[in-house]
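Let's take a walk through this structure together, one piece at a time. Have the viewer ready, and follow along as each element comes up.

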Amino acid sequence: MNAKLASWLTRPTTTMLLVLVGIIAIFAALSPTTFFTLANGQGILSNVAILLVVAVGATFVIITAGIDLSVGSVLVFSSVLGAKAMTAIGGDSLPAILSGLLVTIVAGGAWGVLNGVLVAKAKVPSFVVTLGTLGAAYGLALVISGGVDVRSVPTPLVEFGNGRWLGIPVIFSIAALITVIAGIALALTVFGRRTYAIGSNEESARRSGIRVERHLIKVYALAGALAGFGGFLSLARFGTTTIAGNNTLNLQVITAVVIGGTSLFGGIGWMFGTTIGVFIPVVLANGFIIRGVVPYWQYVAVGTVLITAVLLDQRRRLRQLS
Amino acid sequence: MGNTNAISVTESDLILTVRDVRKSFGRVEALRGADFDVRRGEVVALMGDNGAGKSTLVKILAGVQAADSGVVTLDGNEVVFASPDEARAAGIETVYQDLALADTLDSAANLFLGRELRRQGFLGHIGFLDNRRMRREAREAFASLQVTVRSEHDAVGNLSGGQRQGIAVCRAATWAQHVLFLDEPTAALGLRQTRNVLDLICRVRDQGISVVLISHSLPDVMQVADRIEVLRLGRRIAQFTTVDVSADDVVAAITGARGSGQDDEGQDL
């Protein structure tokens, strides 16, 4: 078991956990009265929630050695459709909200299935497929909305989306619950094991009798459905669609997943790492704003963290092999 | 059946028979009425030069490709495998040349790949893995074939080529009911590792599984194979019992440099 502990300590995720703790410590020391406060912590958690939900799906996709560039557009598409559906049903009724929930998840899941079928059955590289659906979903969202954000989100939903439960933002609690369930599914179930196997060696998985195509479609469908659900959370939080606000969501999500130690080559990764990877950029951005640093620096910092994370991981593996 | 080392064999001694199998790819005839026999509990080497049809024959028997015509029997029953799954379900396992392991998973996960054990009860029903049992059974499987796995928590990608081949062979042997095909299992290995894999092949046979060794390495074959069957240009042209034959004779049969007396139909070559 000592070997297990040692391997855990040298994991890139552990390094990134220390980086996160370090960042928090530095900002807390510099701005104890503004950064290290309950209100600011709540703000950070709210900012993390949607990114985290989408990153959970991306973790599965990237572990299969795939990539999903379409998540931001799928989120926008789903939220537009969901907002339209809720408006059509009308009022602040629970049925309206629940149908909005259903519509966003189904719409996102449908894009995911399309991605999955094209990747798994038609054998088009995931980068190309999801680059295509990135454009298509965004375009259709603009067509449906006329390019104008839909602002008629039921008031109770917005109250719910900005509410807190035991001091914790509700949307973060939901995101955390999803992350835990997905993390367990990835680490402890047959579904998770086969996700790793496909990313590790697709041909070997196929020869072992795993239905690779069907599994890949499920994984992309999951990522799409989670992006769709992210759209629902986004409506709940902002009370409007955010058509122009998610153009770089895909890159933010991929950055978070990779910082968390998931390999873009597939077969390696875990949900705890993704969680840390989501927090690091959000905490950095928040801290920079509080310190009055020109906020654009956050991109420079996140870029540096990303490259450092991958570099550390590569060096660790080289050491292991030698 | 006239051949150089005719041995009286009754049908019941044969676990796998291939009769007059043909397979063409466009205008290329890979198999032109090939025969092949595997007896119970033996190591038989399938040899032949490049293009002799070995790979095609193995792919047909592993369910990867379908034959155009011909008859295959397994344990006395005629079989046709429409997919690798069907071949495996019938008790035929194949270890391919390019080590079909999932490098980032550990040895137990690889052993149970595609056949993961689930926990008892509700948790198993919703897909939870029984990692403890898989680890334990993997340990037993490796021990019974004396395969050393340096660290069972380590991804197999971090292990040596010999250990990886050991795991791949052990996995296939664990699931093979009847026949285990090994495609060039020592091609990428050093001397000592080769030795280990050859010993492993004998242990698999001693467990009662027939092993078909596809190999170009005559020393390996002479060392472990009980019999040798040679394909040339899509047909079986010779069957040897290893103890009765010299390496030169086998080479001659493979290259066709010298007729080995008679071919399968008893006609002079």
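Predicted model: local features only at pLDDT ≥ 70, side-chain atom pairs only at ≥ 80, totals over all residues.

Chain B has a second sheet to visit. This open sheet has 6 strands in the order β6-β7-β8-β3-β9-β10 (chain B), and its pairing is mixed. The edges are taken by β6 (92–95) and β10 of chain B; each has a single partner strand, so one side of each is left without a neighbour in the sheet. On average, neighbouring strands here are turned by 20° against each other, direction ignored.

What does "mixed" look like in practice? Strands of a sheet pair through backbone hydrogen bonds, either parallel or antiparallel. At one end of the order, β6(B) and β7(B) pair in the parallel sense over 4 bridges, and B:Val95 stands opposite B:Leu182 in β7(B). At the other end, β9(B) and β10(B) pair in the antiparallel sense over 6 bridges, with B:Glu229 opposite B:Gln239 in β10(B).

Helix α7 (residues 191–206) of chain B lies across β3, β7 and β8 (210–214) of chain B, running at about 150° to β8(B).

Are the faces of β6(B) covered or open? Both are covered: B:Ile92 and B:Thr94 are buried on one side, and B:Glu93 and B:Val95 are buried on the other.

Next comes helix α9 (residues 247–255) of chain B, whose buried residues are B:Val250, B:Ala253 and B:Ile254. These cover an arc of only 100° around the axis, which puts them on the same side of α9(B). What covers them includes β3 (43–47), α8 (218–224), β9 (227–232) and β10 (235–241) of chain B. On the face of α9(B) turned away from the buried side you will find the exposed residues B:Asp248 and B:Thr255. Just after the helix, B:Gly256 takes a positive phi of about 75°.

Let's zoom out to chain B as a whole. Its secondary structure comes to 9 helices and 10 strands. A compact globule of 269 residues would have a radius of gyration near 18 Å, and the 19 Å of chain B agrees with that. The C-alpha trace of chain B spans about 65 × 40 × 35 Å along its principal axes. Of the 269 residues, 45% count as buried. Among the contacts in chain B with a separation of 6 or more, 67% come from residues 24 or more positions apart.

Now turn to where the chains meet: 22 residues of chain A are in contact with 20 residues of chain B. On the chain A side, the elements that give two or more residues are α1 (2–9), α9 (190–200), α10 (202–207) and α14 (297–321) of chain A. The largest share, 6 residues, comes from α9(A). By type, the residues on this side of chain A divide into 10 nonpolar, 8 polar and 4 charged.

One last stop lies in chain A. A:Ser70 is found in the loop between α3 (38–63) and α4 (71–89) of chain A. Is A:Ser70 buried or exposed? It is buried, with 31 other C-beta atoms within 10 Å. Leaving aside residues up to four places away in sequence, A:Ser70 touches A:Trp111, A:Asn115, A:Thr130, A:Thr133, A:Leu134 and A:Ala137. The C-alpha atoms of A:Ser70 and A:Asn247 are separated by 9.7 Å, although these residues are 177 residues apart along the chain.

Terms used. Residues numbered from 1 in each chain as written. Chains lettered and ligands numbered in written order. Buried ≥ 20, exposed ≤ 12 C-beta atoms within 10 Å, placed from the backbone. Arc of directions from axis to C-beta. Contact = placed C-beta atoms within 7 Å. Rg over C-alpha atoms; globule rule 2.2 N^0.38 Å. Pairing = 2+ DSSP bridges. Axes fitted to C-alpha atoms, helices over the stretch in contact; angles between N-to-C directions. Nonpolar A, V, L, I, M, F, W, Y, C, P; charged D, E, K, R; others polar.
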